[in-house]
Every structure is written in C-alpha cells, then in structure tokens.
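Subject: Structure handover

Hi,

Here is the structure for you to look through. My notes on the strands and helices follow below.

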Amino acid sequence: MTTQRTVYVNGDYVAEGEARVSVFDRGFLFADGVYEVCSVLDGKLVDFAGHMRRLARSAGELELPLPWNDDELLAIHRELIRRNALEEGMVYLQLTRGSAGDRDFAYPDASTPPTLVLFTQAKSLVDNLGGKQGIRIATQPDLRWARRDIKTVQLLYPAMAKMAAKAAGADDAWMVEAGRITEGASNNAWMLTHEGTLVTRELSHAILPGITRSVVMEVAEALSLEVEERGFSVEEAQAAKECFVTSASSFVTPVIAVDDVAIGDGRPGEVALKLREAYIEESRRRAI
C-alpha cells in the first residue's frame, strides 16, 4: 500500500485521498488561478522569497486576493515538508479565485474566499540524468496567450508542446514566435556565444520572469561571465557554443541538441555545468 502524502487545502492538512475542492472552483472551470513551485534541498526551501514576490505579482495582475503573508505561507511550506519528511523535491502551491456558486464568466464578489492548495513532490533534483547528460530540444510555435509573465495555471499549450517534442524524439520544447525563441515549455532558454557571452531573452509580457533565471544571472556575475538580455533565433542557438535551460525544478540543465542539430560537440557544455554546480552550491547556502 502506497503511503499517502499530507497535503494542504484551505487551512487543513489532510491525506491526499481526502483532499476536496469544489467542482465550481474557478481554477477548475476557468484556469482562474496562479501557482508557484519551490525546490527543496536538504529539507529547506530554495529561493522562497523570490517565488513569493512573483506569486504576489501574478495575483495582483489578475486582481486575485492573496490574504496570506509570506510568513504564513512559509509556515505552511515548512509544515508540509515536516509532515512528508521531504529532503529533496518540490512544494507546489496553487491559488485560485475560489467558488461563489454556479459557473459564471464574471468574477465573483471580491469577498469570495480564494482556494489555496499545496502539496509536496519527492524528486531527485541534484543528481538527475538531464543535469548530467543534457537534454534534447524540439522547437514548437508559441501559441500561448499574450500574458506569459503571469504564472497562471492555464498550462494546456505548454503540455501540448512538451508532448509534441517527445513525439519528435526530444526531451523538451522551446517555443518560437516571430522568429525568436521565447522560452521553454517550463523553463527559460539560454545560449553561450563563441565570444563567451551568455544570452537570454529580456523580460516582457512574452516570457515568465524566472526566479532561477535571476539567481543564475547573479551566479554568472560572480563567475565573471557577461550576460546579455535579448531574443535569439533557433539558428543562433544551433550555432552557439552552448545552450541550457533554467527553472526551479531543473536548476541549470545543459541542452545538447536543438531540432536534431548538435550544440557544440553534442555534450553538456563546460560553462553550463559550472553554472549548475555554482547555482546548487548557492542554493544550499541560501535555502531557508
């Protein structure tokens, strides 16, 4: 018999099999909600403050109530980690506009209690194969909505893009719009030029402001690496010295091929691996 996780639902810690949310919840009916994922190393939370700042921003952009402060949310995260004896993995948080009764496109009254759900996922983050061996990317057209800077739960198209990439024999997808790579299906895209400059797309409504992305920029600066924020094409990526992705669950993961074109010598790049090691070390130091 599989041991059930303890999850958090609207103030209660319950076994996952007993967790309940209304069928009229707007997260279920309209994807009217936002989410965050914090990595856990050594039982501690990585980049928690950054994730909570982004949560507050996403909620604000949707006029979505967030009646919990960071200290309260931190306490919930830590209690879930404790109850599930989580040493390495992730804590997923989802906030929706809740349910005010029947289905209606119009937002319910602002006094409607939002729905807050959190759960843990045990997962090897430091020693996963992708981080060591690199991943293969297939590009897909970016057909998402225009406010990708908001971390909403409407993830159907990224899921479709990932499945299309897997069908093409790749591990993940990079999405392309107007001739430029926007971002991965669940990560930010990077390349290293032959001149030694790291390039990643500038922040805008077109991409999610990655928390790991911002920390990797700090790590790169500490390693005396230049970072340029601009868009780049698939062809530029394929001709680059190295490519990699960043996210809370993948840290820094080398990319060894884009659309079946090998990047560099087709092996994980030295700079990407150095950034991964430095990011993990810094994350352990900062984790709370």
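Which residue in S4 is the bridge partner of Leu41? It is Lys44. Keep in mind that this is a predicted model.

**The open sheet**

That pair belongs to the contact between S3, residues 33-41, and S4, where two bridges join the strands in the antiparallel sense. Both strands sit in an open sheet of six. The order is S2-S1-S6-S5-S3-S4, with antiparallel pairing. As a reminder, sheet strands pair through backbone hydrogen bonds, either parallel or antiparallel.

**Helices on the sheet**

Helix H2 covers residues 48-61 and packs on this sheet. Its contacts there are S3, S4 and S5 (88-96). The direction of H2 makes about 175° with that of S3.

Helix H3, residues 70-83, also packs on the sheet. H3 touches S1 (6-9), S2, S3, S4, S5 and S6 (115-122). Its direction makes about 40° with that of S6.

**A closer look at H2**

H2 has 14 residues. From first C-alpha to last it reaches 20 Å, close to the 20 Å expected at 1.5 Å a residue. Its buried residues are Phe48, Gly50, His51, Met52, Arg54, Leu55, Ser58 and Ala59. Note that His51 and Arg54 are on that list. What do the buried residues of H2 pack against? They pack against S3, S4, H3, S5 and helix H6 (211-222). Just after H2, Glu63 takes a positive phi of about 55°.

**Around S8**

Next, strand S8, residues 172-177. Five of its six residues are buried, so the strand is mostly covered, with burial meaning under 20% relative accessible area.

S8 has two partners to look at here, S7 and S9. S7 (residues 135-141) runs parallel to S8, and five bridges join them. Ile137 stands opposite Asp172 in S8. With helix H5 (residues 156-167), S7 and S8 make a right-handed β-α-β unit.

S9, residues 180-184, runs antiparallel to S8 and is joined to S8 by four bridges. S8 and S9 form a hairpin with two residues between them. In that turn, Ala178 has a positive phi of about 50°.

Best wishes

Methods:
Residues numbered from 1 in each chain as written. Predicted model: local features only at pLDDT ≥ 70, side-chain atom pairs only at ≥ 80, totals over all residues. Heavy atoms only, no water. Pairing = 2+ DSSP bridges. Contact = heavy atoms within 4.5 Å. Axes fitted to C-alpha atoms, helices over the stretch in contact; angles between N-to-C directions. Buried < 20%, exposed > 50% of the residue type's maximum accessible area, 1.4 Å probe, protein only. Right-handed = clockwise from strand over helix to strand, strands pointing away. Expected span 1.5 Å × (residues − 1).
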